[in-house]
Structure formats: structure tokens, C-alpha cells
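This note sets out points that a reader new to the structure may wish to check.

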Amino acid sequence: MSIRIKLLLSYTGMLVLSLLVFVLIAGLFTIAATGDIRDIRDFYKVHYQVNPLTEQEESIFLELKYLAKNEPDELQNQELLKEYDFKLRTVRAGLYVRREKDQVFESHTFNQPELERSLPHYDLNNNQIRHTFNIGERFYAYAKYDFRYSDGAKGSVFVIRERSPFGEVTRKLLPVLVLILIGIIVITNVLLYRWITRSVVKPLDLLRNSAEHIKEGNLQFSLDLQTKDEIGQLNEGFEDMRKRLQASIQLRLQDEENRKELISNISHDLRTPITSIKGYIEGIRDGVADTPEKMDKYVNIIYAKAVDLDKLVGELFLYSKLDSKQVPFMFEPVDIIGFLDDCIDELQFILDEKGIQLEWMERTADRVEVIADLEKLKRTVLNIIGNAQNFMDKQPKTIRVSTRISPEWVTVEIQDNGMGIPRDAIPHIFERFYRVEPSRNSSTGGSGLGLAIASQIIEGHGGTIWAESELGVGTSLFFTLKRAIN
Ligand SMILES: Nc1ncnc2c1ncn2[C@@H]1O[C@H](COP(=O)(O)OP(=O)(O)OP(=O)(O)O)[C@@H](O)[C@H]1O
Ligand SMILES: [Mg+2]
């Protein structure tokens with residue numbers, strides 16, 4: 001549920017409740033004051049507080065009072081009294097007239113045998129003309145006027161009205177009832193307040209704390225508020241932001257680490273040939289190469305080291321350019337079978353000399369075209385075959401090439417029966433500078449850039465490269481290329 005709806009509901013609820021309570025209180029007041037729930041419209045008339053008779057009853061009473069003062073004997077005239085009683089009955093009240101101990105007139109409205117005994121005694125000073133009395137559980141309000149008939153007999157005229165017992169009870173309990181109602185309003189308010197606080201303020205507090213954490217650079221926490229409202233969405237966004245921030249910081253740290261490692265690897269790999277070049281040149285300078293043969297040997301070694309250096313710098317340069325996607329690929333349709341034929345022809349002669357057999361394992365087709373950058377593809381194949389040749393350790397030395405053709409892809413496999421790669425090293429061989437043999441000894445393998453370059457090239461082609469190997473048995477390098485659509 002959205003906060004807006006919650007707020008709307010809570011405030012509408014509060015309003016409706018307050019109004020209801022107000023109406024109830026007003027109703028209770030009326031009942032308490034007038035004794036009857038039907039007289040709500042007279043509630044605001046002030047004299048009701050003093051005199052619980054209605055305006056009409058009161059005016060009839062005044063007429064009767066006037067009559068008692070001026071023509072008291074008229075208050076024995078049954079016809080006249082009936083007329084007044086009729087008027088009073090229309091407003092749900094009744095008339096009672098007495099003379100000394102006798103009843104002159106009693107309205108039918110009352111039907112109460114006890115009435116006579118419950119009425120107040122004569123009080124010719126008329127000190128209290130309005131009051132209430134009860135007979136059993138029934139409550140009555142009255143206005144009374146005492147007078148003397150012309151013959152001196154005491155008389156009273158009463159306008160009496162029955163009040164609902166509920167009115168009396170209400171009047172007695174009014175303070176308690178009002179307190180209860182106010183209590184309800186307060187409790188409802190507190191509950192609504194807690195509801196809003198819990199669903200809005202607390203999550204916002206949590207978010208604020210998290211923002212503080214982030215400001216202090218602490219990203220190792222997680223915020224999981226299980227709400228689906230706007231706060232929940234905000235939290236989701238916030239959590240997303242935190243994760244991204246954390247990822248980017250980790251990436252930066254990783255990059256930093258990589259950069260340091262790269263520099264240390266490069267320095268190491270450059271220093272090794274440079275140190276030996278320096279050593280041999282010092283030898284020549286100090287006259288150690290004192291025969292033409294020695295001199296020849298020294299110069300050849302220096303040359304070979306310089307070539308190594310050149311190769312290393314060239315590879316590094318290529319790798320960094322591939323890595324930063326700065327090398328353009330010249331894609332064209334290449335017949336992969338013909339291309340591998342050419343590679344085999346070209347390399348066989350040199351490899352033969354080293355006692356290595358390079359051959360097709362299975363020449364599955366005559367011609368299959370793939371989309372490739374010829375020059376870079378060649379570099380990849382040479383790097384892979386170069387490795388196969390470098391890590392060869394047993395007779396007969398064979399390197400075998402095969403292809404697998406699917407409607408969309410061609411998979412090239414180059415398999416050797418060399419020393420193999422330990423299982424846990426396989427995932428790392430495509431990383432730059434990674435070598436299984438960690439001593440970085442230049443007699444086996446080079447700088448560890450060959451497969452990193454091959455992998456960049458194949459990825460640049462949209463293909464994948466992977467290795468399968470068994471230690472001591474041999475290694476297979478696979479890569480895929482997309483077929484040209486004819
Ligand atoms: N055919 C293979 N047989 C056994 N080990 C291999 C083979 N190919 C690669 N490796 C292992 O993977 C490592 C990484 O190969 P990669 O070609 O990237 O580097 P390198 O050959 O050592 O150096 P570079 O190719 O830069 O001269 C090698 O050092 C070697 O340990
Ligand atoms: Mg290599």
C-alpha cells in the first residue's frame with residue numbers, strides 16, 4: 001500500500017471518527033439535558049439547561065401560571081383544563097392540577113397511580129418551580145405553580161413530562177462517557193501514528209543511516225526492507241546503488257592490483273634479457289671474448305636476447321592494444337581448411353627438424369569459409385602451435401589439427417601429446433603473464449602473453465577459446481569461428 005493511500009486512509013479515518021465522536025457527544029448532551037433523544041433540535045436552546053421543558057410546554061405553562069395568578073378558579077374548569085391538556089399532549093407532556101389534597105385534573109398521558117404521592121408539597125412562595133422526580137425507574141421533569149383559589153384553598157398546576165431513563169443514566173455518566181470517547185480518539189491517534197511511523201519514518205531512518213555508512217566508505221552492509229511501497233522501491237534503488245558502487249570500487253582495486261602486477265611482470269621480463277645482454281657486453285669489453293669464435297658466440301647470444309626483447313615488447317604492445325580494443329579487425333571470408341593446410345605446410349619443415357610431426361587428425365571437408373582477420377588468425381594458430389612445440393616432453397612428438405563443422409560455427413582443435421596442464425591451472429592459462437611453471441624461466445615458455453593474445457583475438461572474432469588437458473598425456477586447444485554465410 002502506498003504511503004499516500006496510508007496517509008489518506010489514516011486521516012480520513014481520523015476525521016470520520018472525530019465527527020462520529022462529536023455527533024455522539026452532542027447526542028449524549030442532548031439526551032442528558034432534555035431527557036429525550038427526540039429533542040436534539042432543541043439542544044442549543046439555553047433555557048433547556050435550566051428548564052427541561054420544551055418551548056411549547058413552557059409557553060403553555062406560562063399561560064396556566066397567568067391563569068392561576070389572575071383567575072385561579074378557571075383551573076377547576078374541566079373543559080378548559082382538557083383543552084390545555086390536549087395542547088400539551090401534542091408535545092408529549094401532560095397536565096396535573098390539584099386542590100388541597102384532591103386531584104382536580106390528571107392527564108391520561110401519565111397513567112401512573114403513584115404520581116400524586118411523588119409530587120412536591122405546596123410552596124406558595126414558588127421558590128422552586130422546576131425540578132425532576134422519579135417513580136420507580138421512570139423519570140419526570142415538571143414545572144409547577146402554587147396558588148390559592150378564590151375561596152383560599154391551596155392549589156397547584158403542574159406541566160409534567162416523562163424523561164427517558166436513558167437520559168438520566170447518561171446525565172450521571174456523562175463525564176465518564178466523554179472521557180471514554182476522548183480516550184478512543186487518543187488511542188486511535190496513537191495507533192495511526194505508530195503505523196505511519198513504522199512504515200515511513202523508521203525505513204527512512206534506516207536509509208539515512210545507510211547513506212551515512214556509504215559516506216564513510218563502508219559498503220559492506222545490506223539493506224533489506226520487505227516493503228512494497230515507495231519506501232521499498234527507494235530502498236531497492238538504494239541497495240542497487242550500493243552494490244554498483246561496491247562493484248566499481250572492487251573493480252578499481254582489482255585494476256590497481258592488475259596494474260601493479262603488470263608492471264612487476266614487465267620489469268622482470270625485460271630485466272632478464274637486458275641483464276644478460278649487459279653481462280655479455282661487459283665480457284667483450286673486459287676482453288673475455290678473446291678468440292673470434294668466442295666473440296661470434298657472444299654476439300650471437302646478444303643478438304638472440306635482443307630478438308627476445310623485441311618479441312616481448314612487440315607482444316606486450318599488441319596485447320595492450322587488443323586489450324584496449326584499439327586494433328582494428330579486417331574481417332574477410334577465409335577458407336579455414338585451406339588456411340590450416342597452408343599453416344601445416346609452412347611449419348612442417350621447421351618442426352620436422354625438431355622431430356615434431358604436424359598433421360591433420362581428420363580433414364573433415366575440403367573447403368569451409370569462416371569470417372576472420374587472416375593475419376590475426378595466423379598469429380593465434382602460431383601461438384597455439386608454438387606452445388604445443390615448447391611444452392613437448394615425450395616421443396613421438398605429434399601435433400594434430402582437426403575441425404568440427406556445425407551450421408553456424410567451425411571449431412578448430414590443435415592437439416599435442418606434450419606435458420599437459422594441471423587441472424587447476426587450466427582456467428588461468430589465458431590470463432596475461434600466466435605460466436604454469438612460476439619461475440618465469442625463459443628456457444620453457446615465454447612471457448605468458450601468447451594465449452592471452454590468442455584469446456583477445458578470438459573474442460574479437462566473436463568466438464570462444466578453451467583448453468582441455470590431461471597432465472602427462474597432452475593438451476587440446478579449441479577455438480570457434482563464425483561461418484561465412486554464402
Ligand atoms: N600445449 C601446452 N602444453 C602444456 N602447457 C601449456 C600448453 N599451452 C600453454 N601451456 C601453459 O600455459 C602457459 C601460458 O601459455 P602462453 O602461451 O600464454 O605463455 P607462454 O607460452 O609461457 O609465453 P609466450 O607464449 O608469451 O611466449 C604456459 O606457460 C604453459 O605453462
Ligand atoms: Mg606461448
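1. The structure holds 22 salt bridges. A salt bridge is a side-chain nitrogen of Lys or Arg within 4 Å of a carboxyl oxygen of Asp or Glu. The model is a predicted one, in which local features need pLDDT of at least 70 and side-chain atom pairs count only at pLDDT 80 or more, while totals for chains, interfaces and linings use all residues. Residues are numbered from 1 along each chain as its sequence is written, chains are lettered from A and ligands numbered from 1 in the order in which they are written, and side-chain values use heavy atoms, with hydrogens and water left out.

2. One salt bridge joins the side chains of Lys-144 and Asp-146, at 3.0 Å from N to O. Lys-144 and Asp-146 are both buried; buried means under 20% relative accessible area, exposed over 50%, and partly exposed in between, with a 1.4 Å probe and protein chains only.

3. Another salt bridge, at 3.9 Å from N to O, joins Glu-212 and Lys-215. Both residues lie in helix α6 (residues 165-215), 3 residues apart, about one turn of the helix. Helices (H or I, at least four residues) and strands (E, at least two) are DSSP runs, numbered from the N terminus. Glu-212 is partly exposed, with a relative accessible area of 36%, whereas Lys-215 counts as exposed at 67%.

4. Arg-363 forms a salt bridge with Asp-341, and their closest N and O atoms are 2.6 Å apart. This pair links distant parts of the chain, 22 residues apart: Arg-363 is in the loop between β7 (356-362) and β8, and Asp-341 is in helix α9 (residues 336-353). Arg-363 has a relative accessible area of 38% and is therefore partly exposed.

5. Asp-335, Arg-367 and Glu-369 are linked in a network of salt bridges. Glu-369 also belongs to strand β8 (residues 369-372), where Glu-369 and Ile-371 make up the uncovered face and Val-370 and Ala-372 the covered one. Strand β6 (residues 332-335) runs antiparallel to β8, joined by 4 bridges; two strands pair if DSSP finds at least two bridges between them. In this pairing Pro-333 stands opposite Ile-371.

6. Strand β10 (residues 409-416) is mostly covered, with 6 of its 8 residues buried. Strand β9 (residues 397-405) is antiparallel to β10 and joined to it by 7 bridges, with Val-401 opposite Ile-414. β9 and β10 form a hairpin with 3 residues between them. β10 also pairs with strand β12 (residues 474-482) in the antiparallel sense, over 8 bridges, and Thr-411 stands opposite Thr-480 there.

7. Which residues come nearest to ligand 1? Of the 20 around it, they are Asn-387, Asp-416, Gly-448, Leu-449 and Leu-451, where near means that a heavy atom of the residue lies within 4 Å. By class, this shell has 8 nonpolar, 8 polar and 4 charged residues. Ala, Val, Leu, Ile, Met, Phe, Trp, Tyr, Cys and Pro count as nonpolar, Asp, Glu, Lys and Arg as charged, and the others, Gly among them, as polar. Helices α8 (292-323), α10 (374-390) and α11 (450-460) each supply at least two residues of the shell.
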